[in-house]
Amino acid sequence: MAVDRLNRSYKLVRRPQGMPAAQDFRLVEEAVPEPAEGQFLVRNHYASLDPAMRGWMDDRPSYLPPIPLGASMRAGTIGVIEKSRNADFPVGRWVSSHNAIEDYSLCDGGGRTRLVDPDGVPSVTNYLSAIGTVGMTAYFGLLDVGRPKAGETVLVSGAAGAVGSLVGQIAKMKGCRTIGIAGGAAKCARLLRDYGYDVAIDYRGKSYPELIAAIGEAAPDGVDLQFENVGGAILDAGLVTLNPYGRIVLCGLISQYNSEPYPLRNVWQLIAKGARMEGFIMTHFFHRGAEALPDLTAWVGQGKLRVDEHIEQGLENFLPAFLRLFEGTNEGKMILKLT
Ligand code: NDP
């Protein structure tokens with residue numbers, strides 16, 4: 001198939017200091033690359049916008065190398081194969097991969113690349129949310145790292161977001177009592193109405209002692225498992241109410257991604273309570289997708305798992321769409337429609 005368009009690509013040209021700014025990026029137009037033997041060309045249709053992308057912009061050790069200055073912004077995408085020199089990835093098929101904020105990407109089929117079937121799910125974008133890495137983050141983070149038991153109390157921060165909304169619903173399916181923390185009355189209403197949380201806590205406008213008091217009131221018998229997406233004062237406050245032998249699953253620390261780390265005051269509680277705080281990164285579970293994806297696909301198909309996606313339009317709008325994650329104005333999994 002002839003491809004005569006240019007490839008728009010969103011490049012990182014300067015490392016952000018604090019919140020990313022327009023000067024940190026440049027939108028360029030380049031020739032569409034040609035696949036070599038073993039490669040294929042993907043027309044990216046949708047890109048996943050994830051808080052983790054902020055960390056990839058920094059030059060510091062992490063689970064993935066920093067994005068080099070001048071390179072395209074790395075992103076999970078789904079798209080359609082337009083040219084192929086790889087028999088396993090035929091033209092016309094939808095594919096999910098780690099590509100970039102660009103119209104076209106070259107892939108070799110390695111790493112996280114997999115063919116996906118748009119007919120098998122309510123929306124093909126679900127492969128970037130509940131039936132993709134976000135769903136697997138909630139699934140393995142909660143069930144494998146957190147190991148909830150029926151009857152336990154689970155506290156989730158960032159509870160109205162992509163990961164948090166799924167964690168709350170899965171914990172509920174496992175027979176737990178769920179408490180969600182989110183910003184603002186509208187999001188707290190969604191926690192109760194849409195994601196089945198038993199209690200919602202609005203952290204906005206609350207002082208640190210008020211946050212501790214609100215968690216204590218919501219969990220009179222203490223918290224057994226805290227699924228942490230936010231960090232900072234919320235993590236610190238949760239430590240006070242954690243039960244003996246409780247678990248804290250460290251999934252993310254979004255409140256810290258554009259600022260200096262928050263000095264935790266209550267780490268002693270882990271010692272006093274014989275509790276466990278364990279971080280995890282979803283990529284370490286990627287090879288176990290066959291355990292999670294059938295459950296997640298079935299739950300979504302059966303309507304047991306509500307999936308909210310917030311889709312913004314246009315590759316050129318990458319930055320304002322990405323910043324919504326830090327403003328808290330995304331309503332569900334943040335996705336950018338590139339085409
Ligand atoms: P969300 O859809 O939850 O969007 C981000 C939300 O974070 C915002 O809507 C906002 O919600 C909240 N937020 C932003 N800034 C702050 C702040 N300063 N204080 C408190 N809340 C804030 O994003 P995801 O579900 O994609 O990601 C959630 C977390 O999970 C992130 O920390 C992310 O890095 C982590 N993650 C970890 C993975 C892993 O493998 N360990 C994989 C995927 C995600 P509100 O309006 O309620 O404040």
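Q: What makes the place of Tyr 245 a strand?
A: Tyr 245 sits within β12, which runs over residues 242–250. Elements here are DSSP runs numbered from the N terminus: a strand is a run of E with at least two residues, and a helix a run of H or I with at least four. This is a predicted model, where local features need pLDDT of at least 70, side-chain atom pairs count only at pLDDT 80 or more, and totals for chains, interfaces and linings use all residues. Residues are numbered from 1 along each chain as its sequence is written, and side-chain values use heavy atoms, leaving out hydrogens and water.

Q: Which label does Arg 147 get for its accessibility, and why?
A: Its relative accessible area is 47%, so Arg 147 goes down as partly exposed. You'll find it in the loop between α2 (133–146) and β8 (153–157).

Q: Why does Thr 113 count as buried?
A: Thr 113 has 13% relative accessibility, which puts it in the buried class. Its place is in the loop between β6 (104–107) and β7 (114–116).

Q: What does Thr 113 touch, leaving out residues up to four places away in sequence?
A: Phe 40, Phe 89, Val 95, Ser 96 and Ser 97. Touching, or contact, means heavy atoms within 4.5 Å.

Q: What makes the link between the side chains of Thr 113 and Ser 97 a polar contact?
A: The distance is 2.9 Å. A polar contact is a pair of N or O atoms within 3.5 Å; within protein, one must be able to donate a hydrogen and the other to accept it, and residues adjacent in sequence count only if both atoms are side-chain atoms.

Q: Which side chains make polar contacts with Ser 72?
A: Ser 9 does, at 2.6 Å, and Lys 11 does, at 3.3 Å. Ser 72 lies in the loop between α1 (52–56) and β4 (74–84). With a relative accessible area of 16%, Ser 72 is buried.

Q: Why is helix α6 said to be largely enclosed by the rest of the structure?
A: Seven of the nine residues of α6 (233–241) are buried, so the label follows from that count. Among the buried ones are Ile 234, Leu 235 and Asp 236.

Q: How do you know that residues surround the ligand, and how many are there?
A: There are 25 of them, and the closest are Lys 187, Tyr 203, Tyr 257, Met 282 and Asn 330.

Q: What is the make-up of the shell around the ligand?
A: 15 residues are nonpolar, eight polar and two charged. The sorting takes Ala, Val, Leu, Ile, Met, Phe, Trp, Tyr, Cys and Pro as nonpolar, Asp, Glu, Lys and Arg as charged, and the others, Gly among them, as polar.

Q: Which backbone atoms lie by the polar atoms of the ligand?
A: A backbone N or O atom of Val 163 is 2.8 Å from a ligand oxygen. A polar backbone atom of Asn 229 is also 2.8 Å from an oxygen of the ligand, while Phe 280 has a backbone N or O atom 3.0 Å from a ligand nitrogen. On its own the ligand has 910 Å² of accessible area, and the protein covers 89% of that (Shrake-Rupley method, 1.4 Å probe; for residues, only the protein chains shown count as cover).

Q: Why is the ligand said to lie between two domains?
A: Domain 1 (2–129 + 307–337) and domain 2 (136–283) both give residues to its shell, so the ligand lies between them. The bounds come from an automatic or database domain assignment.

Q: How far apart are the centres of domain 1 and domain 2?
A: The centres, taken over C-alpha atoms, are 29 Å apart. In the contact, domain 1 takes part with 16 residues and domain 2 with ten.

Key
Near = heavy atom within 4 Å. Buried < 20%, exposed > 50% of the residue type's maximum accessible area, 1.4 Å probe, protein only.
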